[in-house]
Amino acid sequence: MQRTIVLCVCLSVLLMLDSAFTAQLTFSNTFGNDMVLQRAPLSASVYGFATPGDSIKVVFNGNTYTATATSTGEWIVSLPPTPNSGPFTITATGAASGSATLSNIMFGDVYICSGQSNMQFTVSEGYNATTEIADAANYPQIRLFTVGQVNVSYTPLSNLAYIEQGWSVASSATVGGNPWMYFSAVCWFYGKYLADTFPGLNIGLISSNWGGTVIQAWSSASALAKCNVTEEDTQLFVEKMYKENKLEKPIDANPNQNSVLWNAMMNPFALMSISGVLWYQGEANVGQSSLYSCMFPAMITDWRNQFNIDFPFYFVQLAPWTVIGSSSSIAVAQLRQAQLSALQLDKVGFATAMDLGDVNSPQGNIHPRNKQTVGERLLAAGLTISYGTPNANYPPPFLSTATSSITDNVYTFDLTFNLATSDKLVWVDNVCTGGVPSDNCENFSFVLSDGNYYPITSYTITGYNTVQVEVNNAPAGLTISGLAYCFSAWPVASLFNSEGQPVIPFYYQA
């Protein structure tokens, strides 16, 4: 979809000139009527702009809180931790700047949903869209906000340059907007299922994403410095990405530049208290798995530092899509593996979409329509990590230990997975989806010393959480260097637990 892109080289300065040096007090435009502020135990803040040095009074719930506008006109007031409740009215008044009021404000749990096109993908484009959109009217406790995709900036902004959808009560109209505009399907289904789990909980969902963007654009300068990322490096990769995918580089401004989306679409929220972040991104960084292994945890850590909250962070492991050639297929698998680098951090969870391929998706098979299952799996992580409610669907099964041996030219791999004794592994004889190139599909494979992958035909489930794989057909003169499972662009998921959760793709170095 074509959009006009506004280049915000000095927009942060202009916003301060526009708001801080006029008489009228305003709230930040990240606020609005009908919004949700973060509930206790965190303390929510309200903030905005006024005449520099002005004395600010904020009235909330019968009490008055004070602040003084800075030399640039910015003010902030921290409210007392407030339980799930509402509605409230919040009024801010400046002695020399007038007043502004927020009405129908609820306290609950606030999540920011960010990433690229699979997070941008709207409810109206997914499975059962008509039914899902009609059902949205039953969730007035959910409030929605969508950042517009016209704002890039070379400096951190205090206000958003453009808002696609201001704070709105969930309804058929506010959830079922135009394709690629609002509302994010993954974000919505997480919130909807959270509301189903905790009736009465107020939920705020902020959608801030941009299709086809690299992680470097969403990372601040300090995060980029942790991985020695330069703008030159990013542009060399981006130019290659545009060329290989036959995409036109934006005429006015390029969203794939270091920090420009952090500055424009995330930094304006950095003073806001939140419950957590949902993240669906990585397709644009295929071919940079080593860098991503550094950048992803660095970005998460930096976002937490910028918000000054050690919030939970939940990401989606990439879904299948078709690419050209086996080397590109392996690159997709390597990026999926790199995403797991974030699990080294506390309070990070994930949902895999590796088994949710949709070769016939009208939006291209890189955009599978089944976002309901993604939302369910993200919530399983959220319930376990954020809400202390263990869930049978989290964590998904993954390889925990592996050993290998060789006897009479027969290689044996013994694999153990992280299943509870009440669970068990299940093998399903799935095959490559029709219409998908065979070099994109992979199940169990052994990897030779020449780097080629060969299918494995002998595997046995030997226990509730163990599998044995044997290889006796390695070509003469070559040794086996590794074992791979679903290590391709289009994984052929065949190994599941009893809850139907797929085993996470892995590569074991023998």
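A: Buried means under 20% relative accessible area, exposed over 50%, and partly exposed in between, with a 1.4 Å probe and protein chains only. Strands (E, at least two residues) and helices (H or I, at least four) are DSSP runs, numbered from the N terminus. This is a predicted model in which local features need pLDDT of at least 70, side-chain atom pairs count only at pLDDT 80 or more, and totals for chains, interfaces and linings use all residues. Residues are numbered from 1 along each chain as its sequence is written, and side-chain values use heavy atoms, with hydrogens and water left out.

Q: How many residues of strand S10 are buried?
A: Six of the six residues in S10 (residues 142-147) are buried, and the strand is mostly covered.

Q: Which way do the side chains of S10 point?
A: In a regular strand, side chains alternate between the two faces of the sheet. In S10, Ile142, Leu144 and Thr146 point one way, whereas Arg143, Phe145 and Val147 point the other way; all are buried.

Q: In what sense, parallel or antiparallel, does S10 pair with strand S13?
A: Strands of a sheet pair through backbone hydrogen bonds, either parallel or antiparallel. Two strands count as paired if DSSP finds at least two bridges between them. S10 and S13 (residues 203-209) are parallel over five bridges, and Ser207 in S13 is the bridge partner of Thr146.

Q: What is the pairing between S10 and strand S12?
A: S10 and S12 (residues 163-169) pair in the antiparallel sense over four bridges. Here Thr146 stands opposite Gln165 of S12.

Q: In what order do the strands of the three-stranded open sheet stand?
A: The order is S2-S4-S7, with antiparallel pairing. The edge strands, S2 (26-27) and S7 (74-78), each pair on one side only.
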